[in-house]
Amino acid sequence: MKKKQFVSEIWKKRSIFFYLPYWCKLDVKHCLDVMHIQKNVCDSLIGTLLNIKGKTKDGVNARLDLIKMNIREELAPREVGKRTYLLATCYTLLKKEKTSFCECLKGVKVPQGYSSNVKSLVSMNDLKLIGLKSHDCHVLMQQLLPMAIRGILPKKC
Amino acid sequence: MLPKGNTLPNQNYEAKKIRCPMGMEYRKIHCILYRNEYEDLRRCPKCGLSRYKVKVGQNDEIDEFTKEGPPAKVVWYLLIIPRLKRLFAKANDAKNLRWHADNRKCDGLLRHPADSLQWKNIDKEFPKFGKESRNLRLGLGTDRMNPFGNLSSNYSSWPVLLVIYNLPPALCMKLKYMMLSMMIYGPKKLGNNINVYLNPLIEDLKLLWNGGVDVFDAFKNESFRLHAMLFCTINDFPAYGNLSGYSVKGHRACPVCEDKTSYKQLKHGRKTVYLGHHRFLKKYHSYRRLRKSF
C-alpha cells in the first residue's frame, strides 16, 4: 500500500509571491478561471447528452463503477449472451429527440455581439456542436440549453 | 493600410529607437539568473550549466571568456513601472484609475472586485495604502498557451498578464488596459520553475509596495507617490498548482481542504473523483432533505 501523504509533502515549494510583504495578509490569494471550468463542464454535458463518441462520460466503466458504489442498480450493464447492454437512462436521447434538440439550436438568432452565430455551430449531419468558444459555452449554459431541452423533456416529471 | 498622414518606420531598429525612450522597451533576460550581480557570468553559479547553447557533440567545457552565442533560455520582461507612469500621464486614464473610489455604485451588490471583502480588508489592514485612491491593485493572470496549433506539445509559452482593478469593469479587461508583463517560452514545460521566471516582476512589485514611485497625475496636475499591490492571481487549475506550490493532482487535490479532501478512486474508470460536497451545506439546508434527487 502507498504511504499516506502528509500535509508538508503536498506543498511542493514556497510560492514566490510570499516575498511580497502583504501576500500573507490576503484572504483569497489565487482565483480560478471560471470561464475555463464552465467550458469543461459544458463540453462534457453536451458530449453526454448528444452521446458524441469520445466526449461522452457515460460508458461501461462508468456503469461498473456505479455497481461498485452501490447506487442506481437499475443502470447496471446487462449481459445477454455474448453482448453487454447499457440500458437507457433519463438523459439518453433518441435520434428524433437529438434532431429536435439540434434544430432548436439551429433556429436561434442572437443579437450582434451577444455570442457567436449559434446556427453555424450546429452540424446537422452528425448531430454535434462544433467549435464552441468559451463564451458560447457560457451563453449555452445560461440561456440556450434550458430552452433547447424543454421540448424533449418527458411529459411527467 | 494606414490613415493618411501616418507612416510606419521602415526598420525594426528605427521603430525601437522611437519606442524605447517612451518607456515601451522590453528586456530579454537570459534565464533570469543572470541579473544584477550575476549579469556577467557565463555559467550558472549553482549547477555550473552553460549560459549559452552548447552544440551537440561539443564539449561542455567553455572558456570563461571566449564562448558566446545564442542564450540557452530567454525571458522577455516588459517593464511595468514606465507603463504605469504613462497611464497616469493621460488625463482621461488617470481619471478612470480613481473610478473605484469616485464613481462606483455602493449598494452591497457584487459587481467588481472593489465590492469584495478582501478589498475592504486591505483598506483596513493598510490604511495608508487604502486612503490614496490612485494606488493600484493588480491582478495577475497566466496560462499556458500554444502558439503553434492545438496539440503540439514540444513548445510552450506562458504569457503573464497584469490587470488593473482600479478601472471600471468595462475597461478592466480591455486589450488596451491589460498589460503583458512577461513572456516565458521554451521547449520544456515550466512546472514549478515559474518561480524563478517571475523574479523580476516580483522585484518590481516589491519596489512599488515598499518605496513607491513618483508619478505625475495629469488629471489633478500634481505628482504623487504611487504604490501598487498584487490583489490576486487568476489561472486555471494546473497553473494554480504551479503558482501556489500545491500539488493539485492525486488524492489530496483540493488546496483548501488539504489532507481532509474527500476522494474516491474509481476502479473501472481509473480516475479519482472528489465527492461529498454535501458537507459544505449548512446544517439544516433544504438540500439535505432531498437525498433522493441527488
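pLDDT is the predictor's confidence in each residue, from 0 to 100. I looked up chain B first: its mean pLDDT is 82, and 83% of its residues reach 70 or more.

I noted that this is a predicted model, in which local features need pLDDT of at least 70, side-chain atom pairs count only at pLDDT 80 or more, and totals for chains, interfaces and linings use all residues. Residues are numbered from 1 along each chain as its sequence is written, while chains are lettered from A and ligands numbered from 1 in the order in which they are written. For the complex, I found an ipTM of 0.80 and a pTM of 0.81.

Next I checked the interface. I found 34 residues of chain B in contact with 29 residues of chain A (C-beta atoms, placed from the backbone, within 7 Å). On the chain B side, E8(B) gives the largest share, six residues.

I then followed E8(B). Strand E1 (residues 30-32) of chain A pairs with E8(B) in the parallel sense over three bridges; pairing takes at least two DSSP bridges between two strands. His30(A) has Thr233(B) as its bridge partner, and Leu32(A) stands opposite Asn235(B).

Within chain B, strand E3 (residues 136-142) also pairs with E8(B) in the parallel sense, over six bridges. There I found Leu138(B) partnered with Leu230(B).

Last, I looked at burial: seven of the eight residues of E8(B) are buried (20 or more other C-beta atoms within 10 Å of the residue's own, all placed from the backbone).

Key
Contact = placed C-beta atoms within 7 Å. Helix = DSSP H or I, 4+ residues; strand = E, 2+ residues; numbered from the N terminus. Buried ≥ 20, exposed ≤ 12 C-beta atoms within 10 Å, placed from the backbone.
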